[in-house]
Every structure is written in C-alpha cells, then in structure tokens.
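Let's take a walk through this one, starting at a strand and ending among the aromatic rings. Have the structure open as you read.

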Amino acid sequence: MSTDHYSILEISTNASDVEVKAAFQRLAREYHPDKNKSGSNAQFLKIQQAWEVLRDQESRREYDRLLNDSALKSNSDVVVSNSVHIEEMDFEEEESCFVYPCRCGDYSR
C-alpha cells in the first residue's frame with residue numbers, strides 16, 4: 001500500500017470507531033483549506049481519503065486485509081503458502097478432520 005490511512009489519521013490499527021472519527025475531525029479542522037493558509041490542500045485530501053476508508057466497517061475490514069497481505073509479502077522472513085497438500089496434513093480421529101501443524105505449534109483445522 002502506498003499510503004497508510006492509520007498513520008495519516010495518527011491512530012493505531014485497533015482504534016475504535018469513535019477514535020477514528022475524533023482523529024478525522026481534529027485533523028480535518030487543522031488542515032482544512034479555509035484554515036490552513038499554506039496553499040496546499042494535499043494533506044487535507046489524504047485525511048479525507050483515510051476517513052472515507054476507515055469510517056465504514058466493511059471497507060475498513062477490506063483495507064486491513066490488504067494492509068496485512070502487503071505486510072506479509074514485504075516480510076522476507078515469513079513464508080506464506082496459498083495451498084497445503086493433503087499429504088502434509090494429519091488426520092485427527094476424534095474430530096474426524098484433517099489438521100495442519102502451524103509454525104506457532106498449534107494446528108489449523
């Protein structure tokens with residue numbers, strides 16, 4: 001992702017809806033073209049774009065997914081696989097399902 005909306009709004013990724021709205025309102029007042037006489041409204045437009053994405057739960061969820069995918073791809077230490085072959089899985093008799101051992105030591109079902 002080229003722009004991190006959370007950084008633009010100066011909030012954490014686990015900020016509540018109320019915190020997102022408060023950050024937007026504070027920054028929008030600060031950078032609004034009518035109040036900010038620097039002549040450039042680029043920062044205001046970034047703030048507004050971040051608000052448009054993060055104010056809606058569905059678009060925020062999608063943005064978080066894309067942000068997470070981007071972070072995983074950029075981290076060369078993390079191996080992400082789209083598929084697991086059945087031969088790599090263990091069959092759990094009690095639950096009658098296949099499980100795959102995760103790097104954390106737990107199992108994915």
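Phe 91 sits in strand β1, which covers residues 90–92. How exposed is Phe 91? In this predicted model, its relative accessibility comes out at 40%, and since buried means under 20% and exposed over 50%, Phe 91 counts as partly exposed.

Now turn to the aromatic pairs. Searching the whole structure turns up 3 of them. One is Tyr 6 with Tyr 63, a tilted pair with 5.9 Å from centre to centre and 45 degrees between the planes. Tyr 6 belongs to helix α1 (residues 5–8) and Tyr 63 to helix α4 (residues 57–74), so this pair ties together parts that are 57 residues apart in sequence.

Next, look at Phe 24 and Trp 51. Their rings are stacked, 4.7 Å centre to centre with 10 degrees between the planes. Here the link runs between helix α2 (residues 17–31), which holds Phe 24, and helix α3 (residues 42–54), which holds Trp 51, so parts 27 residues apart in sequence are tied together. Phe 24 counts as buried at 16% relative accessibility, and Trp 51 is buried as well, with a relative accessible area of 13%.

Key. Residues are numbered from 1 along each chain as its sequence is written. This is a predicted model: local features need pLDDT of at least 70, side-chain atom pairs count only at pLDDT 80 or more; totals for chains, interfaces and linings use all residues. Side-chain values use heavy atoms; hydrogens and water are left out. Rings of Phe, Tyr and Trp (its six-membered ring) pair if their centres lie within 6.5 Å; planes under 30 degrees apart count as stacked, over 60 as edge-to-face and the rest as tilted. Helices (H or I, at least four residues) and strands (E, at least two) are DSSP runs, numbered from the N terminus. Buried means under 20% relative accessible area, exposed over 50%, partly exposed in between (1.4 Å probe, protein chains only).
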